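Please look over the sequence and the structure before reading on.

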Amino acid sequence: MRIRYFLPLALMLSLMLIACQQGEGSSQPKLAVVDMTRIMRDSEAGKAGVKHLEALQADMQEQLNAIQGRLEKNANDADAQKELQTVYMMSQQRMQVEQQNVVNVLYDTMQRIINAYRTEKGYALIISSEAAASFDPKADVTTDIIAAMNKQKVDFKPAAAEGAADAAAAPAVEAPKAAAPAEKPADKAAEKPAKPAEKK
């Protein structure tokens, strides 16, 4: 008789233990992961940023093609050779600035949306999937963030007029020099847009 009563008692204790464990699990903070690269690539804002850069690059290429056309007609045109070098360096510098500007705009928008999503859904932490050694695919909220990003209208404008003015002034001074010194303004220009991202 004792064995009969002992078995149901053990079963009841086991069920109580499982219930306690589930209760403890439900009180754990909610965590999620997000694929930042996928958001940049697949969101409408990310695609718009790529189109913006492609349009700028097409304009620069058109300008270079016009100068190269002059050189094809007269390979000894020294002015055209200098102009080609100057315009090429300016284009490289500007694209670095514009690319960083697009990344900053996308990152700021994405960060704002992720913060709002975390608060709304009650997550204690949302980390980048690249930083997670392992995670349950159910914890990935990237699709939700992309959907939220797609509802945002993001405008991409050319980099600040000050940066453009600096880039325009630099070639006038450095055009007669060798190509090597021209790399310094490019480095400075690339650093300028990165500052807002560092503050976060």
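Leaving aside its neighbours within four places in sequence, which residues is Ile113 in contact with? With contact meaning heavy atoms within 4.5 Å, the residues are Ile145, Ala148, Met149 and Gln152.

## Basis of the model

The model is predicted, so local features need pLDDT of at least 70 and side-chain atom pairs count only at pLDDT 80 or more, while totals for chains, interfaces and linings use all residues. Residues are numbered from 1 along each chain as its sequence is written, and side-chain values use heavy atoms, with hydrogens and water left out.

## Overall layout

Eight helices and two strands make up the elements of the protein chain. Helices (H or I, at least four residues) and strands (E, at least two) are DSSP runs, numbered from the N terminus. In order from the N terminus, the elements read α-β-α-α-α-β-α-α-α-α.

The protein chain has 200 residues, of which 28% are buried. Buried means under 20% relative accessible area, exposed means over 50%, and partly exposed is in between, with a 1.4 Å probe and protein chains only. Among contacts in the chain with a separation of 6 or more, 82% are between residues 24 or more positions apart.

Ile113 belongs to helix H4. Why is Ile113 classed as buried? Its relative accessible area is 9%, and the class covers values under 20%.

The side chains of Arg112 and Gln152 make a polar contact at 3.4 Å. A polar contact is a pair of N or O atoms within 3.5 Å; within protein, one must be able to donate a hydrogen and the other to accept it, and residues adjacent in sequence count only if both atoms are side-chain atoms. The C-alpha atoms of Arg112 and Met149 are separated by 9.8 Å, and these residues are 37 apart along the chain.

## Thr142 in helix H5

Helix H5 covers residues 142–150 and includes Thr142. Thr142 counts as buried because its relative accessibility is 0%. Its side chain reaches the backbone nitrogen of Asp35 at 2.7 Å. Leaving aside neighbours within four places in sequence, Thr142 is in contact with Val33, Val34, Asp35, Arg38 and Ile39.

## Nonpolar cores

A nonpolar core is a set of buried Ala, Val, Leu, Ile, Met, Phe, Trp, Tyr and Cys residues joined through side-chain atoms within 4.5 Å. The largest one has 22 residues, and those touching the most other members are Val34, Ile39, Ile126, Val141, Ile145 and Met149. Two or more residues of this core come from each of strand E1 (30–34), helix H3 (44–73), helix H4 (78–121), strand E2 (123–128) and H5. H4 gives the largest share, seven residues.

Another core, of five residues, lies apart from this one and includes Leu64, Ile67, Leu71 and Val87. Ile145 is in contact with Val34, Ile39, Ile113, Ile114 and Tyr117, leaving aside its neighbours within four places in sequence.

## The second largest pocket

The second largest pocket holds about 160 Å³ of space. On a 1 Å grid over the protein atoms alone, a pocket is an open set of points where a 1.4 Å probe fits, with protein on both sides within 12 Å along at least five of seven lines, and lining residues have an atom within 4 Å of a point. Grid points are joined across faces, edges and corners, and the volume is the space filled by probe spheres set on the points.

Gln57, Met60, Gln61, Leu64, Tyr88, Ser91, Gln92, Met95 and Gln99 line this pocket. H3 and H4 are the elements that give two or more residues to the lining, and the largest share, five residues, comes from H4.
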